[in-house]
Amino acid sequence: PSWHNTTSKFVWHTLNAKLPVIEGSQASGDTFSLRDLSANEHFAEVEFFLEGDLIHANHIPQTGEYFSKGFMDLIFVREINGTKRYAILDWKSDRMDNDDYAKPESLKDKVDCEYAVQRVLYAYCLIQWLKQFYDLSEEAIFEHHFGGIYYAFVRGTTCNTAYGIYAQT
């Protein structure tokens, strides 16, 4: 009970933060808020598996039935200029200096240092999933349907700002 108000504040600020719109490898300069997504535009706790055959193909030793499995916190889809863009959002509760949540370079350093492998893994899994629906190369899926990876550092998000939000193209 002592965390109800704090948790509610984190959620409210995160839902109302400004996220940059990403189209493939470019940020467009526009923004949106998570509160703008409808119920049928997002999927929470999406499970993924990287199978052993895939790993053998890349000459990495297999250590079990799956090389890797896990959950992506949120996948969402938005239509931008007539094209569906799929993005990943990962919730982070990391403690940082309060000023660092407002500094894009501090957020980038945190993600690059602690979540670089996760970022690559998630993007790869999303693109492989999208290959089921689009008869395109991985590169074309990335450019035409990838909407970025977002990290929401919920302790530092602030409504109507990009504080606490890191977006990776």
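Is Phe-146 buried or exposed? At 1% relative accessibility, Phe-146 counts as buried, where buried means under 20% relative accessible area, exposed over 50% and partly exposed in between, with a 1.4 Å probe and protein chains only. Keep in mind that this is a predicted model, so local features need pLDDT of at least 70 and side-chain atom pairs count only at pLDDT 80 or more, while totals for chains, interfaces and linings use all residues. Residues are numbered from 1 along each chain as its sequence is written, and side-chain values use heavy atoms, leaving out hydrogens and water.

**Aromatic pairs**

- Rings of Phe, Tyr and Trp (its six-membered ring) pair if their centres lie within 6.5 Å; planes under 30 degrees apart are called stacked, over 60 edge-to-face, and the rest tilted.
- That rule gives eight aromatic pairs.
- Tyr-115 and Tyr-151 are a stacked pair, because their planes are at 25° with the ring centres 5.9 Å apart.
- Tyr-115 sits in the loop between helix 3 (104-114) and helix 4 (116-130) and Tyr-151 in strand 6 (residues 146-153), so this pair ties together parts 36 residues apart in sequence.
- Helices (H or I, at least four residues) and strands (E, at least two) are DSSP runs, numbered from the N terminus.
- Tyr-115 is buried at 13% relative accessibility, and Tyr-151 is buried at 0%.
- Phe-142 and Phe-146 also stack, at 4.9 Å centre to centre and 25° between the planes; Phe-142 is partly exposed at 22%.

**Cluster and charge**

- One aromatic cluster is made up of Tyr-86, Trp-129, Phe-133 and Tyr-134.
- Arg-78 has its charged end over the ring of Phe-32, 3.9 Å from the ring centre (the rule wants NZ of Lys or CZ of Arg within 6 Å of the centre and within 35 degrees of the ring normal).

**Strand 6 and its partners**

- Eight of the eight residues of strand 6 are buried, so the strand is largely enclosed by the rest of the structure.
- Strand 6 pairs with strand 5 (residues 83-92) in the parallel sense over six bridges; pairing takes at least two DSSP bridges between two strands.
- Trp-91 has Ala-152 as its bridge partner in strand 6.
- Strand 6 and strand 7 (residues 165-168) run antiparallel, joined by four bridges, and Tyr-150 stands opposite Ala-167 in strand 7.

**Helix 5**

- Helix 5 (residues 138-145) has Ala-140, Ile-141 and His-145 as its buried residues.
- They cover an arc of only 100° around the axis, so they are on the same side of helix 5 (the arc is that of the directions from the helix axis to the C-beta atoms).
- These buried residues of helix 5 pack against strand 5, helix 4 and strand 6, with contact meaning heavy atoms within 4.5 Å.
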